[in-house]
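Me: I'd like to talk through a few labels with you and see what each one rests on. Here is what I'm looking at.

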Amino acid sequence: MSTGTQEPLDNFDIALLAQLRSEVTKEPARRVRRGALSLGGVAAASAAAIVGVTVFGSSAPAAAYAVDRGTNGDITITIHRLSDAAGLEKQLASYGIKAHVSYQAARESQAPGDAAGGVDLSPMGQGDVGGSVITGQASAGSASNGSLDRNAGGGACGDPSHPAFTANLGSNDYVITIPKASPLQHADSELSITTTGDVSKTLAGLSVDYTVDGQHCGMGSLSVGAPGLR
Amino acid sequence: MGVNQIDDSDVARIGRDPDLLDAFYREHAGDLRLFLARRVDDPHEVADLVAEVFLAAISTAHRYKPSQGSPGAWLFGIARNKVADAQRRKARRLRAESRIVGRRLLDEDSMARMEERIEAQRLTRALYQALESLPARDRLLMELVAVDGLTITEAAEQLGVKPGTARVRLHRSRARLREHLGDPSLFESIDAGLEVCIAQEA
């Protein structure tokens with residue numbers, strides 16, 4: 001079958017091979033099931049930042065989320081599980097961030113009698129075909145990997161060169177970082193974290209969005225790409 | 001085979017060792033693109049699929065065992081699944097999201113080369129489409145032999161059937177294809193190859 005025809009590599013091969021090489025030098029734990037991001041095309045339609053995640057109902061970590069302020073003033077939100085949305089809202093308020101958090105899609109599909117509550121975020125999957133996606137990253141307030149439409153708005157949304165937040169899909173959680181300089185930490189702004197997609201198919205997205213002074217800021221496309229493409 | 005050829009027993013490590021991956025890529029990228037061009041007529045889609053297939057290969061390589069088949073057969077198995085996934089996605093109008101988006105890596109020259117390959121496989125794609133008229137398991141066998149050029153023994157091995165069984169099924173499929181193919185010259189060109197194949201191993 002395989003003729004072993006070795007042709008000279010063209011630019012496509014060289015570029016792809018470079019990316020594949022960098023892929024295999026990453027630690028396996030950082031890889032994500034390829035399927036984990038297949039929702040992306042759908043999710044990209046609507047929000048400032050969306051990262052596809054696979055959702056599993058078991059082995060949930062103790063806390064659904066964590067909010068920390070680093071020494072540099074950045075605030076980091078780590079979401080382990082899609083539960084206790086109200087609690088996260090409250091905790092963010094204590095950090096001076098007005099937020100709307102809704103995991104409606106997840107709640108609807110939650111199996112009755114699931115004592116753990118919520119849905120575990122686990123892009124690692126369970127040893128399935130696995131592996132191609134490391135992180136989905138998206139940010140609003142700065143263009144990332146393509147389109148960013150910004151409502152004309154006299155700078156209320158912040159300095160375009162600094163993202164208001166960045167969102168990362170980690171190995172088993174979803175991390176949103178709000179830099180110290182972000183309008184979300186200063187202006188009259190609201191952060192919105194909502195689920196999208198079809199959680200009943202163990203596949204969903206989180207959408208992160210924000211407004212400043214009642215004005216909708218930043219419409220970033222899904223940013224899931226390879227290093228160098230962002 | 002070239003100097004870059006890697007030992008079958010090393011394939012399991014292509015997900016961890018970039019140099020082994022490099023050698024594996026060089027050995028199989030050409031064949032993989034041909035495999036895809038026999039099925040898909042859009043260069044962008046072929047580029048995406050090449051990236052997807054290699055990504056899937058590096059993440060599942062640790063489970064590859066030479067005793068289960070050659071590395072080429074294993075890679076084509078992955079490719080077959082990816083093509084099927086792509087067709088399902090297309091039917092549902094979903095776009096693939098992959099860590100590496102192959103089409104973004106295409107420059108003008110690579111694009112032209114891809115198109116040439118795709119054009120060269122026009123007849124084979126027509127055959128591939130005609131195989132839709134066969135029952136699933138017969139189609140896969142015919143696909144391996146007539147589209148991918150495997151010997152009957154190789155194809156039978158991949159499908160886990162006896163070569164004799166495979167021969168019987170191929171004969172049956174041939175008759176059906178003749179009925180279904182609108183273009184007699186297409187059937188002739190396929191059939192000539194098939195006949196040789198079946199006769200040789202009889």
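Me: Which residues in helix H6 (residues 136-147) of chain B are buried?

Reply: They are B:Asp138, B:Leu141, B:Met142, B:Glu143, B:Leu144, B:Val145 and B:Val147. Buried here means under 20% relative accessible area, exposed means over 50%, and partly exposed is in between (1.4 Å probe, protein chains only). Helices are DSSP runs (H or I, at least four residues), numbered from the N terminus. Keep in mind that this is a predicted model, where local features need pLDDT of at least 70, side-chain atom pairs count only at pLDDT 80 or more, and totals for chains, interfaces and linings use all residues. Residues are numbered from 1 along each chain as its sequence is written, chains are lettered from A and ligands numbered from 1 in the order in which they are written, and side-chain values use heavy atoms, with hydrogens and water left out.

Me: Why is B:Asp138 called buried?

Reply: Its relative accessibility is 3%, so B:Asp138 falls under the 20% limit and counts as buried.

Me: What makes B:Arg172 and B:Asp138 a salt bridge?

Reply: The term asks for a side-chain nitrogen of Lys or Arg within 4 Å of a carboxyl oxygen of Asp or Glu. The closest N and O atoms of B:Arg172 and B:Asp138 are 3.2 Å apart, so the pair qualifies. This pair links distant parts of the chain, with B:Arg172 in helix H8 (residues 163-180) of chain B and B:Asp138 in helix H6 of chain B, 34 residues apart.

Me: What about B:Arg88 and B:Asp85, why are they called partly exposed?

Reply: B:Arg88 has 48% relative accessibility, so it sits in between the limits. B:Asp85 gets that label because it has 26%. The two form a salt bridge at 2.6 Å, and both lie in helix H3 (residues 71-91) of chain B, 3 residues apart, about one turn of the helix.

Me: How many salt bridges turn up over all chains?

Reply: A search of the whole structure finds 20.

How values were computed:
Helix = DSSP H or I, 4+ residues; strand = E, 2+ residues; numbered from the N terminus.
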